[in-house]
Amino acid sequence: MTRQIIIHPDAGTLAAAVAARLITRLIDMLAAQAEAHLALTGGRIGTAVLAQVADSPACRALDWSRVNVWWSDERFVPAGHPDRNDAAAHAALLGKVPADPRRLHPMPAADGPQSDPHEAARRYAAELAAAAGPHRSVPAFDVLLLGVGEDGHVASLFPGSPLLAATDPVVAVRDAPKPPPTRLSLSLPALNEAREIWLVVAGPEKAAAVRQAVGGGGLPAGQVAGRERTLWLIDEAAATGLASRSPGWTSPTS
Ligand SMILES: O=C(O)[C@H](O)[C@@H](O)[C@H](O)[C@H](O)COP(=O)(O)O
């Protein structure tokens, strides 16, 4: 399993580079398999990546009809609410590509049939299991994108939360420090089923979390690892103070 830190000059370059990397990775994967499973998250840089994917001429080279799209977390608000991560993803990308609607798997909304977040979490877990294949509870996400909060959270798993020890694939979050407070999130075991996890991080306010997570400091962001590859894709500002050789990580300068 490779662990790599790749640093880009600024947030704009980072978003464009991650978009190019994602398109190429998905094209390569679809050359070897019938379908791909992509897991999206919310947040500014995550959404900026999706917008850059949509703007890339290479976007049309990807057979979107074979891409299953999941979410690693979602705000538990009514469907279509601007706070929804799937609303941001649809506006940035999914509404602009010929995706197969049957392969788009938004998390349940607060105004849906499961008005209780725990019930909604169970329903999404069932949807994941149905697509997972034998002996699995979630698909082996080919690429799972994550943003990282200033506090080192990923998806909607926050530092100190008892949900970090959850084993169910999907958890209901009631007291998220980042508004809105009620959310759904994949658990750490579900996140770590991914073949590749890409943590995309920009801004000086994230530098401390990056250093601590990469250094093994116990933050949620430091507890995710792809089964085949873990990439930290960050800009210079978020790399502030990062040792040029972080133990156990390779980087272009190493
Ligand atoms: O629902 C959310 O808000 C995201 O899932 C969350 O995990 C986000 O990715 C990070 O908070 C980083 O967000 P920024 O990139 O906007 O700082």
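Where is P180 found? P180 sits in the loop between strand 6 and strand 7. Keep that loop in mind. I will come back to it. One caution before we start: this is a predicted model.

Strand 2 covers residues 36–40, and strand 5 covers residues 143–146. They pair in the parallel sense, over two bridges. A39 has L144 of strand 5 as its bridge partner.

Now helix 1. It runs over residues 11–32, which is 22 residues. At 1.5 Å a residue, that should span 32 Å. The end C-alpha atoms are 32 Å apart, so the two agree. Which residues of helix 1 are buried? They are A11, L14, A15, V18, A19, L22 and L26. These cover an arc of only 130° around the axis, which puts them on the same side of helix 1. The face turned away from that buried side carries exposed residues: D28, A31 and A32.

On to helix 2, residues 44–55. Its 12 residues reach 16 Å from first C-alpha to last, close to the 16 Å expected at 1.5 Å a residue. The buried list here is I45, G46, T47, A48, V49, L50, Q52 and V53. What do these buried residues pack against? Helix 1, strand 2, helix 3 (85–92), strand 5 and strand 8 (196–201).

The largest nonpolar core has 82 residues. V49, L199, V200, V201, V210 and I234 touch the most other members. Helix 1 gives this core its largest share, seven residues. Take V201 from that group. Setting aside neighbours within four places in sequence, V201 is in contact with I45, G147, V148, K206, V210, W232, I234 and A238.

Next, a loop residue. E35 is in the loop between helix 1 and strand 2. Is E35 buried, exposed or partly exposed? It has 16 other C-beta atoms within 10 Å, so E35 is partly exposed. Not counting residues up to four places away in sequence, E35 touches R66 and N68. E35 and D63 are 28 residues apart in sequence, and their C-alpha atoms are 9.3 Å apart in space.

Now the antiparallel pairs. Strand 7 is residues 183–186. R183 and S185 point one way, L184 and L186 the other, and all are buried. Strand 4, residues 73–75, runs antiparallel to strand 7, and three bridges join them. E74 has L184 as its bridge partner there. Strand 6, residues 170–173, is also antiparallel to strand 7, with four bridges. V171 stands opposite S185.

Back to the loop between strand 6 and strand 7, where P180 lies. What kind of peptide bond joins P179 and P180? It is a cis peptide bond, with omega about -5°. Some background: most peptide bonds are trans, and most residues other than glycine have a negative phi.

Two residues deserve a look on the phi side. The first topic is H135. Phi of H135 is near 65°, a positive value in a residue other than glycine. H135 is in the loop between helix 4 (117–132) and strand 5. With 5 C-beta neighbours inside 10 Å, H135 counts as exposed.

Then A155. A155 is not a glycine either, and has a positive phi of about 50°. A155 lies in the loop between strand 5 and strand 6. Is A155 buried or exposed? With 31 C-beta neighbours inside 10 Å, A155 counts as buried.

S161 is found in the loop between strand 5 and strand 6. S161 has 19 other C-beta atoms within 10 Å, so it is partly exposed; the cut-off for buried is 20 or more. S161 and V173 are 12 residues apart in sequence and 9.2 Å apart in space, C-alpha to C-alpha.

That's the tour. Thanks.

Key. Residues numbered from 1 in each chain as written. Predicted model: local features only at pLDDT ≥ 70, side-chain atom pairs only at ≥ 80, totals over all residues. Expected span 1.5 Å × (residues − 1). Buried ≥ 20, exposed ≤ 12 C-beta atoms within 10 Å, placed from the backbone. Arc of directions from axis to C-beta. Pairing = 2+ DSSP bridges. Core = buried A, V, L, I, M, F, W, Y, C linked by C-beta atoms within 7 Å. Contact = placed C-beta atoms within 7 Å.
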